[in-house]
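Here's a quick briefing on a few spots worth a look. Have the model open as you read.

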Amino acid sequence: MDNEKICVVTGLGVNCSIGNNLEEVWDNAVNGVSGIKNVKGIDTTNAYAKIGATAEAFKCTFKMPKRYTRVMDRTSILVIEAVNEAIKDSNLILDEENKERISVSIGSCTGGALSAEKFERDHSDNNVRENPNDILRIPVNCIARNVALFVGAEGVVSNISNACAAGNISIAYACDLIKRGQADVVIVGGTDAFASLPFAGFHALQALDKNNCSPFSRSQGISLGEGAGVLIIESLEHALERKARIYCKIAGYSVTGDSYHITAPKPDGESQIFAIKSAIAEAGIHSKDIDYLNAHGTGTPLNDAAELTSIKEIFYESKNHIKISSTKSMIGHCLGAASAIEAIISIKALNTSKIPPTINFDEEVENEFDFVPNRNQEKNLNIVMSNSFAFGGNNASVIFSKSIEKVVNRRAYDDEKVYITGMDCMTPIGVGINEYWSNSMAGKKGFTIIDSDSDFKSSFIADVKVDNFSEFGIKPGFMRKLDRLSKLLLISGVNALKNAGLEINKDIEKEIGLIVGTSDGPAAEIGAFIKSINSNGIKGGSALSFPNTVYNAAAGYLSIMSKIKGYTATIVNGVSSGMDSLCYGYDLLKLNRSKYMLISGVDEYSDTIHLLYDKLNSLYIGEEPDELVYGFKGNEFIVGEGSTSLLLETKENALKRGATLYAEIVGYGITNSPCKPGRISLDGKGLEKAIIKACENAGIALNVIDAIVGFANGSSIIDKMELRCYKNIFKEKLNHMNIHTVKNMVGEGRAATSALQIAHAALMLYHGQTPITRKKIDTDINIDDMTININEKENGFYRYVLVTSFSFGGGFSAVILKNANL
């Protein structure tokens, strides 16, 4: 693991309103061609704004079997087209030898919004039968896995959903994976399709411009766009070894949070400035060294004003040198694709010494900076920067350089131990970590029967029993803004900090980061918003509810409440998202990007969630679900909900403040076994590789692991695959290990449950206790002529506990915790 590794860009691919490929997009961008026109794809009747930047000329040229593409939303199609171009541009060959070292990180804001809109229309029409494939097209979490399926990537596969900063954060995440030795190559990008959901949302916020947007000039609103941008990022060593053409080095990057407002930027630009300065420091340069800045430049009054404040603070002394432009003036605001596309345009500018203009610019208005008004300019460029500042207060700055020399400005923490020092949870069997653990020890089940008058085929759920969230001390005015997902996250997050004894003040607010994992995000809010606009048109969108349809809104509320201003990201990887957020936070600590990391997994139960899983025939239909997990009664599970939050910090930091050491995190492994959306790889090879990878990362042998907290959820095909894998990998050693599960008590809470598995394992190590998983009479499972011991309740000393998770679409994750007393 070498955090001094240089990361370089070797391939580019892009499509948007001004072109279907890199050559077309760059030629039109540098010549100031606008892709903003009257919108045709959605009904703008009675809307005050009727324009947007849609990719009307988009053509799909990649080849992929229809059995796969028919379950892909336009958002996935756009990005796979860009991936196809970027791979060809990089001359990268993916084969059996390197596929495990190739990862994918894709950003998106709205995911399969078009498919969600179609499903809701069909569901509301009694004369139309819903298409289950539409459900598989909706989740953000399927996009990166669709890319991995297309290319055959078997490394870390992740989706970043931080609104319009998602692309830049994906770049940062990719570089960190390479620096931590988790990947040699990462396929990185962002994508979003034009849909009624975001258009109606920005319309409700009065944030759309009636005319073509004019950043840093008229600044009256955005023009919404669509598209995808993809970069091939790899270690310099790997690129040189395969004699790749190198566009540039990724010299520095930084991610911060405003902790201010869910939609508006902080007027003084404090955290934007922090992000820009941190990226500059990492690059080992000065602000005057930056030749060109591709600005966030949305065109809204608040965004442009805050960004201009940040620009003045940092670049005022070099105002006569730096060139600044906003390409959103041509391609519109492409949401999750925005910063990825803008990074590509920045790199093309760096390589051609041509700077694309900010069009629609009023040149009669006096400006202290050169915003490259209306016509391109030529200038010798050596270092360029691309900034993105998003909903939820997320800020991401990336610097690209022609020079590939190594600059070391950051101390690695590879030899520093990382511990869990705080935790809390909201679960169906207990609110708060103490109540959860007590009820877990008693073997309590959290299942509830829903109203028998419902139209659902399944009747069991596992919901958190809280009707009045105000009892947790959150101000009523703030609480009213929150949807259920945000409330669950907020309470577990704030209480995890209390459990850790950490009070966030001015001294540490920029030194603590927040990574939130979710599988399905704010599904109820999205469903209700879409239903309203499907029924009432664009004007049916609500300014109050639209902010809560964004996946990173919950994390934004938590950062505001807790005053976290450090590295902030939301990952959407499916069931394993909660566990994957811990892996993300662990790496950030190891790379010294933060001193503390609050990590969370959260997912809600709602009628919308129940409907979607019910239509996929995924939910348990039988009678009382006694011992459903490892019971092999069918291929269904009970849907749950909840939130689990954990505080991570280095041992040095923890000991200084006298923190409780629950458990040490010693290693993780994340793999992908490409398969069709909604499916899993049944051979278990991906899980085996994740476990082996985690052991290698931890520097331990398989035979020192004492127990497993597994992911079985009651679906026979999942449970059997998991047990077969353990038997294959641990062999006779498995006879002396206990296998634990939490889903037999709390259901399939997705991201919330995968994070809860970590907390459960940490408590086992800390207390020396092992809650009961199944009734004693049925502790031995016989499968394929194998007898496997599922734990009886017993107390004992564990050294190492393995925690595993999976995600539909092929993802597997494994984390190893070590007893803090060793």
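Let's start with a right-handed β-α-β unit, built from β24, helix α23 (residues 716-730) and β25. Right-handed here says that, with the strands pointing away from the viewer, the path from the first strand over the helix to the second runs clockwise. Helices (H or I, at least four residues) and strands (E, at least two) are DSSP runs, numbered from the N terminus.

The model is predicted: local features need pLDDT of at least 70, side-chain atom pairs count only at pLDDT 80 or more, and totals for chains, interfaces and linings use all residues. Residues are numbered from 1 along each chain as its sequence is written, and side-chain values use heavy atoms, with hydrogens and water left out.

**Strand β24 and its partners**

- Six of the six residues of β24 (residues 705-710) are buried, so the strand is largely enclosed by the rest of the structure. Buried means under 20% relative accessible area, exposed over 50%, and partly exposed in between (1.4 Å probe, protein chains only).
- β24 pairs with β25 (residues 738-741) in the parallel sense over four bridges; two strands pair if DSSP finds at least two bridges between them. I708 has I739 in β25 as its bridge partner.
- β24 also pairs in the parallel sense with β28 (residues 800-807), over four bridges, and there I705 stands opposite Y800.

- β19 (residues 512-517) is mostly covered, with six of its six residues buried.
- I512, L514 and V516 point one way from β19, while G513, I515 and G517 point the other way, and all are buried.
- β19 and β21 (residues 596-603) pair in the parallel sense over six bridges, with M597 in β21 as the bridge partner of G513.
- β20 (residues 568-571) pairs with β19 in the parallel sense over four bridges, and I571 in β20 stands opposite G517.

**The second largest pocket**

- On a 1 Å grid over the protein atoms alone, a cavity is a set of points where a 1.4 Å probe fits but cannot get out, and a pocket is an open set with protein on both sides within 12 Å along at least five of seven lines; lining residues have an atom within 4 Å of a point.
- The second largest pocket has a volume of about 820 Å³, volume being the space filled by probe spheres set on the points, with grid points joined across faces, edges and corners.
- Its lining has 49 residues, of which L205, I262, T263, A264 and F391 lie nearest the centre. The elements giving two or more residues to this lining are α8 (196-204), α11 (301-315), β13 (383-390) and α18 (553-562).
- Domain 1 (7-253 + 261-401) and domain 2 (418-819) both contribute lining residues, so the pocket lies between them. These bounds come from an automatic or database domain assignment.

**The second largest cavity**

- Residues lining the second largest cavity include M426, E641, V746 and L756. β15 (418-427), β22 (642-650) and α25 (751-767) are the elements that give two or more residues to this lining.

**Positive phi**

- Most residues other than glycine have a negative phi.
- F216 has a phi near 60°, and it is buried, with a relative accessible area of 9%.
- N592 also has a phi near 60°, but N592 is partly exposed at 21% relative accessibility. N592 is in the loop between α19 (577-590) and β21.
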